[in-house]
There are 2 protein chains.
Amino acid sequence: MPSNLPQDIVLAIKSVVGDAPLALHEPRFNGNEWTYLKECLDSTFVSSVGKFVDRFEDDLANFTGARRAVAVVNGTAALHVSLLLAGVKSGDEVLLPALTFIATANAVAYCQATPHFVDSEDRSLGMDAVALRDYLSGTTEMRSGQCINRGTGCVIRAMVPMHTFGHPVDIDALLAIAYDFHLHLIEDAAESLGSTVAGRHTGTFGLMGTLSFNGNKTITTGGGGAILTNDIELGKRAKHITTTAKLPHRWHFVHDEVGYNYRLPNLNAALGCAQLEQLPDFLRNKRRLFEQYQAAFAEVHGVHLVAEPAGCRSNYWLQTLLLDESHADQRDAVLAATNDAGLMTRPIWALMNRLPMYANAPKAPLPVAESLEQRVINIPSSSGLGSVAP
Amino acid sequence: MPSNLPQDIVLAIKSVVGDAPLALHEPRFNGNEWTYLKECLDSTFVSSVGKFVDRFEDDLANFTGARRAVAVVNGTAALHVSLLLAGVKSGDEVLLPALTFIATANAVAYCQATPHFVDSEDRSLGMDAVALRDYLSGTTEMRSGQCINRGTGCVIRAMVPMHTFGHPVDIDALLAIAYDFHLHLIEDAAESLGSTVAGRHTGTFGLMGTLSFNGNKTITTGGGGAILTNDIELGKRAKHITTTAKLPHRWHFVHDEVGYNYRLPNLNAALGCAQLEQLPDFLRNKRRLFEQYQAAFAEVHGVHLVAEPAGCRSNYWLQTLLLDESHADQRDAVLAATNDAGLMTRPIWALMNRLPMYANAPKAPLPVAESLEQRVINIPSSSGLGSVAP
């Protein structure tokens with residue numbers, strides 16, 4: 001009998017997570033969520049000022065090792081402000097992986113700048129540093145200390161690598177490129193809270209890093225995000241312009257620049273404090289789930305689970321199947337079979353350069369991204385799944 | 001003995017609200033807040049999708065009479081998207097009162113457009129329609145159906161009157177100006193939930209209206225806002241671009257334009273649903289507090305309370321003292337005396353044209369706004385204050 005890959009995948013997933021219908025990623029609220037929310041209501045401090053905002057920022061800084069964390073309303077806002085503070089302005093270009101969530105590209109557009117898409121690598125699913133260096137060497141030149149795209153004449157101001165599904169990119173090689181080509185490096189760590197490179201937390205390598213606490217993330221605040229930085233002055237600037245750029249005064253309302261209302265409400269920060277307390281447990285559970293899936297898929301031919309790159313620790317936010325190239329044509333059949341079986345799965349995002357608003361943006365050759373786009377499938381990944389180890 | 005206005009004001013306020021220290025405006029959570037928040041946690045739907053978001057939008061539409069309400073992350077986001085949907089673009093000008101909260105002007109800047117500041121009137125503290133018509137008649141001309149500022153050559157695309165502290169502006173006269181000068185009218189109703197003009201809710205007269213549910217507002221969602229419109233197609237467009245412009249699909253991630261992550265989390269919407277149930281009570285309380293303050297200030301010379309304009313119903317969000325012009329020089333002494341006495345008070349905002357980023361923006365003569373800026377003082381306004389009527 002010929003093997004039936006879609007059905008084999010359904011069976012392998014069910015052997016780990018059981019037969020009940022499952023979402024892709026659900027949050028868990030088994031800690032102090034209720035206590036802190038109640039405290040928030042009782043204090044009446046539910047909005048933009050409150051002790052949970054300060055605590056959440058401190059807790060995030062402590063957990064990640066960043067010198068400063070600034071809580072904001074979501075990951076998109078964190079990216080937008082980080083790019084602004086990196087000096088990205090109208091007409092600039094910003095290097096992004098073509099294979100990313102829409103927020104990374106939109107944040108560039110909010111700055112009136114243009115995303116410039118580059119290729120990814122199989123190993124981390126993130127920016128390919130080797131291909132990027134070759135590409136920039138061949139297509140850019142330095143003028144007055146700025147990296148100029150020879151094709152468009154525009155300044156390439158920054159790069160935003162993304163740690164896809166929690167797997168850290170090759171950040172050291174990308175930092176070296178940023179240094180050599182005079183680019184600011186902002187890390188989109190929206191998906192990688194808890195992921196480290198040589199023991200150092202993702203999002204703390206570049207000028208700034210950004211986190212997301214959307215409902216589908218490893219921890220959630222309902223909606224929320226944060227900016228990480230080791231530059232105390234930049235941290236102050238980030239706090240200022242995400243809180244309407246109001247100058248402190250007992251009663252006067254004076255704002256000294258165009259600011260943003262990107263404050264995370266205290267109510268949402270309260271949830272975040274409770275969630276962050278459980279993060280080490282969530283990370284243990286997600287790693288165990290990965291190991292269980294990996295064992296279950298050992299005998300399924302034509303597909304494998306994406307594992308953390310060597311030297312890195314992944315948070316295993318979303319468990320990821322990668323079909324062999326010879327089986328890429330079965331992706332949609334796998335998606336249909338799994339979803340029909342009540343197991344929510346999804347492909348990776350459409351490449352950004354395929355979307356109408358970014359179709360004319362500059363781009364590098366994207367052979368790996370185009371291949372990954374056809375082969376990646378995320379499977380149920382909530383941290384409560386799988387059998388609990390003794 | 002000469003009268004001591006600052007001390008008289010402290011005594012008048014205390015005669016209504018008592019001797020304890022008071023904030024300017026605190027929320028009250030005496031309804032189903034806790035029940036709904038728990039339900040939210042128990043369902044795990046705390047984020048961008050959930051039944052409370054849908055219900056909150058329906059409840060807002062029902063309460064205001066708008067055909068569609070779209071919940072968003074805050075009032076600033078609501079303004080930004082409304083301006084975008086009104087077609088405001090780079091280089092355009094948008095008419096705003098100089099006397100407004102910073103969000104109104106910033107939302108224009110986010111569209112790469114320029115705020116164009118106009119004067120206010122004593123009666124409502126909002127845009128002066130008579131002065132505006134005179135001003136536009138003298139300084140603009142119509143070209144190809146567009147209103148052109150003769151001074152700058154730019155298109156004036158829209159106007160954004162604001163219902164200051166909940167007092168409705170003269171919306172009929174402003175609509176007539178919008179019609180005559182081919183301007184879109186967006187109502188900034190951030191402060192006027194519950195305020196009506198001839199029985200119709202503020203925010204439902206223009207092309208779109210915006211609400212805010214920040215912690216200091218009549219009802220709060222922690223942070224949140226909404227777009228109101230009677231145009232069902234515009235409502236759909238607003239929902240689409242505030243939710244990242246993703247096309248609905250069982251698993252594909254395709255976005256068809258530059259969208260925004262302006263979704264109100266379900267957690268915050270849950271709070272909003274509970275708050276909205278209590279809004280009629282809050283409004284009754286705030287009106288009673290106004291009447292009590294009015295009685296207490298009847299014998300204080302040199303100052304009066306701002307009352308709702310004829311034909312309008314104000315939500316009395318912030319109770320507002322207006323010093324007589326002859327006593328304007330005592331404003332800072334009043335602010336100091338009241339705040340020193342533990343009664344939080346504040347002046348109105350600095351005029352937008354005084355802020356560095358808007359100092360060069362076009363503006364009409366602003367004699368009334370400049371006078372009001374020196375004479376307005378908000379006093380403690382929480383809906384729980386004052387003695388309860390039998």
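Predicted model: local features only at pLDDT ≥ 70, side-chain atom pairs only at ≥ 80, totals over all residues.
**Figure 1**

**Figure 2. The contact between chain A and chain B.** Chain A gives 52 residues to the contact, and chain B gives 52 residues. On the side of chain B that touches chain A, two or more residues come from each of these elements: helix H2 (33-43), helix H5 (102-110), helix H9 (266-297), helix H10 (331-340) and strand S15 (346-347) of chain B. H2(B) supplies the largest share of this side, five residues. By residue type, the side of chain B that touches chain A holds 24 nonpolar, 20 polar and eight charged residues.

**Figure 3. The fold of chain A.** Chain A contains 11 helices and 16 strands. Of the contacts in chain A between residues at least 6 apart in sequence, 72% join residues at least 24 apart.

**Figure 4. The dimensions and interior of chain A.** Taken along the principal axes, the box filled by the C-alpha atoms of chain A is roughly 75 × 60 × 35 Å. Chain A has a radius of gyration of 21 Å, which agrees with the value near 21 Å for a compact globule with 390 residues. Of the 390 residues in chain A, 57% are buried.

Methods
Residues numbered from 1 in each chain as written. Chains lettered and ligands numbered in written order. Contact = placed C-beta atoms within 7 Å. Helix = DSSP H or I, 4+ residues; strand = E, 2+ residues; numbered from the N terminus. Nonpolar A, V, L, I, M, F, W, Y, C, P; charged D, E, K, R; others polar. Rg over C-alpha atoms; globule rule 2.2 N^0.38 Å. Buried ≥ 20, exposed ≤ 12 C-beta atoms within 10 Å, placed from the backbone.
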